[in-house]
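Hi,

Here is the structure I promised to pass on.

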Amino acid sequence: MKVNNRAKKKTAAILTLSIALVLTLLVGYLSLNGMPLDSRGLYRLLPWVPKPGNWPQSVSLGLDLKGGVYVEYEAGLSQEQIDGGADYNSLLEATQKVMVERLSDKGFSEATVTQIGNSGIRVEIPDVKDPQTVLDLIGTPAKLEFADPQGNIFMDGSYVQTASQSYDNDNRPCIQLVLTEEGVQLFGDMTARSIGQEIAIYLDDQLLMSPVVEAAIYGPVLISGEYTVETAANMALQLQSGALPMTLRQDKLDTISATLGQDALDSSVTAAMIGILLVMLIMVIRYRLCGLLSAWALCIYIIALFFLIAVIPGIQLTLPGIAGVVLGIGMAVDANVVIFERIKEEVSAGRPLIHGVRIGFKNAMSAVLDANITTIIAAVVLLIFGTGSVRGFAITLLLGVLTSMLTAIVVSRMLLTNACRLVKNPALFLCAPKAQVEKEVQ
């Protein structure tokens, strides 16, 4: 009965490891090559793990890898805004939203706009052919125009200080415009002559809305209609784009060529691959079959990590981000080293290999969790308070640590437990004492 039970466990171990190997090879192939749809080069599934000289389209690249332009601005208030007690933080946020809206409308969907310090704005736009065109797009007001019932333009966007979502007297969502002193006079005089008629508002020569004038308006303008809170906020953002909420002073401008970015990308991928292969080699030499299984788990870790980077929205991989990936690989191997040393201690104490694996994983968990949790805390702090490339490093490091914990605790344990049921000699797994090796072989 005991022999039969061992045979069943051995068969189950062979089946489990075989399935794991086939899945690893299959998913690894797809991660490197994708799943082509037809001869035109389309894909059902895009590759997501990089190869030297060929970066997958599914991973969004940052400015330093793809090339492009970045510019930093110092945002300030006009004298009228200061005298009116304008909310600096809300205007700064509105300015960033306007920039994002303009860039998205012109096809720069990968552009990022972030706040620097208390009053700075950093704009990064990858893959830009003409930097000056983009700078004009960011810093130049869109053409916002107001036309009277006869179609004549009587006011433009320079008279609009802010546009925001608000509520009218009946507590319905509406759009509120705050005008300059001259704008208040112009708008008030026109509405006084146009009661009961429609005035038109154009943005870049496209009709945005045509509200009906109900009374002369000398002051904040409330535009009511069939608006929800969301539609009113979106419309206000479009109106606001006619004039940036704050004045901007360009402090820094730099461009990175696509060639330089590609060279940095190829060098980074090559360096990372060399580092990974050396780590695997050292693990195999030091821990024998355990090291080989850890290299297998490391391949699974790399596939899973880059899959998360590819599918999670908002992640752009930068050079510091690649550093975070490599550091995460080091954390994954570090966890395996701690676990293997605990297993070695148990085997040296005279326990059978299979029990040494179980107890070794149990005893190593506290050290592995403590090391990873402290790294996670550091990554979260960098993610919250960092900007630009620092955030890119923090995101990949955080994903890497979380993924490494999963592979070290679940994948490595599964592989090692099943391998121990097939191979009984501890010397093939670890450098076990000779007496223990002889005991296990017997």
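Below is what a search for cavities turned up.

A quick word on the basis: this is a predicted model, where local features need pLDDT of at least 70, side-chain atom pairs count only at pLDDT 80 or more, and totals for chains, interfaces and linings use all residues. Residues are numbered from 1 along each chain as its sequence is written, and side-chain values use heavy atoms, with hydrogens and water left out.

The whole structure holds two cavities of 30 Å³ or more. A cavity here is a set of points, on a 1 Å grid over the protein atoms alone, where a 1.4 Å probe fits but cannot get out; lining residues have an atom within 4 Å of a point. Points are joined across faces, edges and corners, and volume is the space filled by probe spheres set on them.

The largest cavity has about 40 Å³ of space. Its lining draws at least two residues each from helices H8 (258–311), H9 (319–348) and H11 (389–422), with H11 giving the most, four. (Helices are DSSP runs of H or I, at least four residues, numbered from the N terminus.) Among the lining residues are Ser294, Ala332, Asn336 and Ser412. By type, the lining has four nonpolar, five polar and no charged residues; Ala, Val, Leu, Ile, Met, Phe, Trp, Tyr, Cys and Pro count as nonpolar, Asp, Glu, Lys and Arg as charged, and the others, Gly among them, as polar.

The second largest cavity is about 30 Å³, lined by Cys290, Leu293, Ser294, Phe340, Ser412 and Leu416. H8 and H11 are the elements giving it two or more residues, and H8 has the largest share, three.

Cheers

How values were computed. On a 1 Å grid over the protein atoms alone, a cavity is a set of points where a 1.4 Å probe fits but cannot get out, and a pocket is an open set with protein on both sides within 12 Å along at least five of seven lines; lining residues have an atom within 4 Å of a point.
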